[in-house]
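Here is a short tour to read with the model open beside you. It begins with confidence and then moves through the fold, the core and a few individual residues.

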Amino acid sequence: ETIIRNAETANGVIADLLNFARPKERKIEVVNLEHVLEEGLRLLNNKLASQKIKVSKKFDKTMPKVWLDRSNFTQAFVNFVLHAIDSMPGGGELSVETRKEDGQAKILVSDSGSGYSPEIIERMFKPFSRSRGGPVDLRLPTAENIIKSYGGSVSLYNNKDVGATGLIQIPLVAGNVMASKV
């Protein structure tokens with residue numbers, strides 16, 4: 001059992017390394033951001049249920065469609081959600097919200113975990129750092145690479161009361177990410 005668990009961990013680290021070092025070719029298309037986020041959450045339904053995490057969603061219904069690679073962007077979003085899930089080992093609440101502000105599509109992934117020290121937040125997006133003392137986790141650095149490829153940015157901050165929020169921002173109009181009424 002220990003060998004299998006360690007092999008699975010090693011396999012995950014290798015997959016993360018490959019995704020981080022060698023981004024896949026993208027298929028850019030006009031997509032509804034809400035649909036992409038819903039798809040990402042559906043992929044994690046079993047994990048969320050097994051860890052007793054309640055999900056709330058608040059999507060801006062006026063959000064324009066955007067140009068992006070559905071699969072690529074879903075991976076970045078799922079990485080943020082998995083990070084949030086890991087911070088709530090005893091269950092909790094996950095909130096996903098979208099906003100349209102200052103020409104940006106903003107996606108907020110908030111958890112009810114314990115939050116992070118400033119030192120951990122500072123290195124969270126650095127490749128090969130250990131944010132929780134466990135194995136190397138490349139999910140957030142990989143997500144950051146993906147989001148930056150769209151001209152966007154990512155950040156992580158502690159909430160006032162409890163937990164933390166990961167913020168993904170992509171421009172509605174810039175480079176290959178454009179607002180669309182299609």
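This is a predicted model: local features need pLDDT of at least 70, side-chain atom pairs count only at pLDDT 80 or more; totals for chains, interfaces and linings use all residues.

pLDDT is the predictor's confidence in each residue, on a scale from 0 to 100. Helices (H or I, at least four residues) and strands (E, at least two) are DSSP runs, numbered from the N terminus. For the protein chain, the mean pLDDT is 82, and 76% of the residues reach 70 or more.

Residues are numbered from 1 along each chain as its sequence is written, and side-chain values use heavy atoms, with hydrogens and water left out.

## The fold in outline

The protein chain has six helices and nine strands. Of its 182 residues, 44% are buried, where buried means under 20% relative accessible area, exposed over 50% and partly exposed in between (1.4 Å probe, protein chains only). Among contacts between residues at least 6 apart in sequence, 74% join residues at least 24 apart.

Start with helix α4 (residues 70-86), whose 17 residues reach 24 Å from first C-alpha to last, close to the 24 Å expected at 1.5 Å a residue. That expected span is 1.5 Å times one less than the number of residues. α4 is mostly covered, with 13 of its 17 residues buried. At its start, a side-chain oxygen of Asp69 comes to within 3.0 Å of the backbone nitrogen of Ser71.

Helix α2 (residues 33-43) has a cap at its N-terminal end: a side-chain oxygen of Asn32 lies 2.9 Å from the backbone nitrogen of Glu34. The buried residues in α2 include Leu33, Val36, Leu37 and Leu41. In α6, eight of ten residues are buried, among them Arg139, Glu144, Ile146 and Ile147.

## The nonpolar core

A nonpolar core is a set of buried Ala, Val, Leu, Ile, Met, Phe, Trp, Tyr and Cys residues joined through side-chain atoms within 4.5 Å. The largest one has 41 residues, of which Phe73, Leu94 and Ile107 touch the most other members. Elements giving two or more residues to this core include α2, β4, β5 and α6, and α4 gives the most, with nine.

Which residues does Phe73 contact, leaving aside neighbours within four places in sequence? They are Leu33, Val36, Leu37, Leu68, Ile107, Ile146, Ile147, Tyr150, Ile168 and Ile170.

## One aromatic pair

The structure holds one aromatic pair. Phe73 and Tyr150 form it edge-to-face, at 6.2 Å centre to centre and 70° between the planes. Rings of Phe, Tyr and Trp (its six-membered ring) pair if their centres lie within 6.5 Å; planes under 30 degrees apart count as stacked, over 60 as edge-to-face and the rest as tilted. Phe73 lies in helix α4 and Tyr150 in the loop between α6 (139-148) and β6 (153-158), so the pair ties together parts that are 77 residues apart in sequence. Both residues are buried.

## A buried glutamine

Gln169 sits in strand β7 (residues 164-171) and is buried, with a relative accessible area of 16%. Its side chain makes a polar contact with the side chain of Lys106 (3.3 Å). A polar contact is a pair of N or O atoms within 3.5 Å; within protein, one must be able to donate a hydrogen and the other to accept it, and residues adjacent in sequence count only if both atoms are side-chain atoms.

## Exposed loop residues

Lys52, in the loop between α3 (45-50) and β2, has a positive phi of about 55° although it is not a glycine. Asp102, in the loop between β4 (92-101) and β5 (104-111), also has a positive phi, near 50°. Lys52 is exposed at 66% relative accessibility, and Asp102 is exposed at 75%.

Definitions and conventions:
Contact means heavy atoms within 4.5 Å.
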